[in-house]
Amino acid sequence: MFNNGVYPGVEYRIMKIYDTEGNEVFGSVPGGKYDLKPIYPLVDQLERPWPVTVNEAEIPRLYTVGMYNTVSALGSLFTATFGLGVAYALSQMISLFFIPSRSMDPTLAVGDVVVVEKVSPRIFKSNNHVGDVILFHPPSRLQEIVKSSGGRIGNRDLFVKRVAAEPTQKVTVGSDGKVLIDEMELQEKRDMCSEEPLGLIERYIEPGTTEVQSDEVFVMGDCSSVSIDSRVWGPLPNKEIIGKPLFRVWPIERFGSIPTLEKTQLQTEWSD
């Protein structure tokens, strides 16, 4: 091709096309020949008498405008589909969550943004232990409470709480919100935030004793004086758990891991 005057990277104009018998035709034919001429002037070393005649078999595969547009469209479609697929896969593994309420204050304050991993709850549905902070869809009882209070809530809304009791443990909730686990009164004060002076949470508390089943956990907020949690709507089914916060990314000055009960020295009492 180079010896014939056809150089890589140079654009050519097809001047004429001939069939195998030397007759001029107006379209590509198998075994035909092409008279070619560069569209733009070349350097002196590459110039020669133009046009040059080249057999079709010696020319790399030719693409019509339609073929080129089709290949380009398919390439763009593949790139877009692949990108969306990757984005969807990542969204099923990890996501960001904005803290909307005081129920986990001060561990997670209003406006904090946390990174949530969503793989382990799908694989290990029962791997939730006391002290774990979890993200979950509202169970039906919680949805009823919110709606009866005039609020709006759906299955896609998310809540964040900390596991207070695991399967087989017995939880007793007093009318004042105090919690006993396996009949043991915990010694230190559980509530990590300032108490709500009107004690409004006590209006919603459901006193009584319940045993956490194998597919459930009992959850509470770190700010129990304002947290509507399992003391009100009962144990949380594991199937509603979608993720666990890994670390806080906003605000910057609070960047870091989510404090555990040991770090906050509140491993004893789950009461207000």
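# Salt bridges, a covered strand and a nonpolar patch

Asp112, Arg248 and Arg254 are linked in a network of salt bridges. The model is predicted. It holds eight salt bridges.

**Salt bridges**

- Side chains of opposite charge can pair when their charged atoms come close.
- Arginine 141 forms a salt bridge with glutamate 144, at 3.8 Å from N to O.
- Both residues sit in helix α3 (residues 140-148), three residues apart, which means about one helical turn separates them.
- Glutamate 144 is partly exposed, at 47% relative accessible area.
- Arginine 141 is partly exposed too, with a value of 34%.
- Arginine 141 also meets glutamate 206 in a salt bridge, at 3.6 Å from N to O.
- Glutamate 206 lies in the loop between β11 (184-185) and β12 (208-211), while arginine 141 is in helix α3, so this pair ties together parts that are 65 residues apart in sequence.
- Glutamate 206 has a relative accessible area of 44%, so it counts as partly exposed.

**A buried pair**

- Are arginine 231 and aspartate 229 buried or exposed?
- Arginine 231 is buried, at 1% relative accessibility.
- Aspartate 229 is buried as well, at 0%.
- Their side chains meet in a salt bridge, at 2.8 Å from N to O.

**Strand β6**

- Strand β6 spans residues 113-117, and five of its five residues are buried.
- In a regular strand the side chains alternate between the two faces of the sheet.
- In β6, Val113, Val115 and Glu117 point one way, and Val114 and Val116 point the other way.
- Which strands pair with β6?
- Strand β5 (residues 94-98) runs antiparallel to β6, joined by five bridges.
- Strand β15 also pairs with β6 in the antiparallel sense, over five bridges.
- Valine 115 of β6 is the bridge partner of leucine 96.
- Valine 115 also stands opposite phenylalanine 247 in β15.

- Helix α1 (65-93) and strand β15 (241-250) are the elements that give two or more residues to the patch.
- Which element gives the largest share of the patch?
- Helix α1 does, with five residues.
- Valine 86 is found in helix α1.
- Its relative accessible area is 36%, so valine 86 is partly exposed.

Notes. Residues are numbered from 1 along each chain as its sequence is written. This is a predicted model: local features need pLDDT of at least 70, side-chain atom pairs count only at pLDDT 80 or more; totals for chains, interfaces and linings use all residues. Side-chain values use heavy atoms; hydrogens and water are left out. Helices (H or I, at least four residues) and strands (E, at least two) are DSSP runs, numbered from the N terminus. Buried means under 20% relative accessible area, exposed over 50%, partly exposed in between (1.4 Å probe, protein chains only). Two strands pair if DSSP finds at least two bridges between them. A salt bridge is a side-chain nitrogen of Lys or Arg within 4 Å of a carboxyl oxygen of Asp or Glu.
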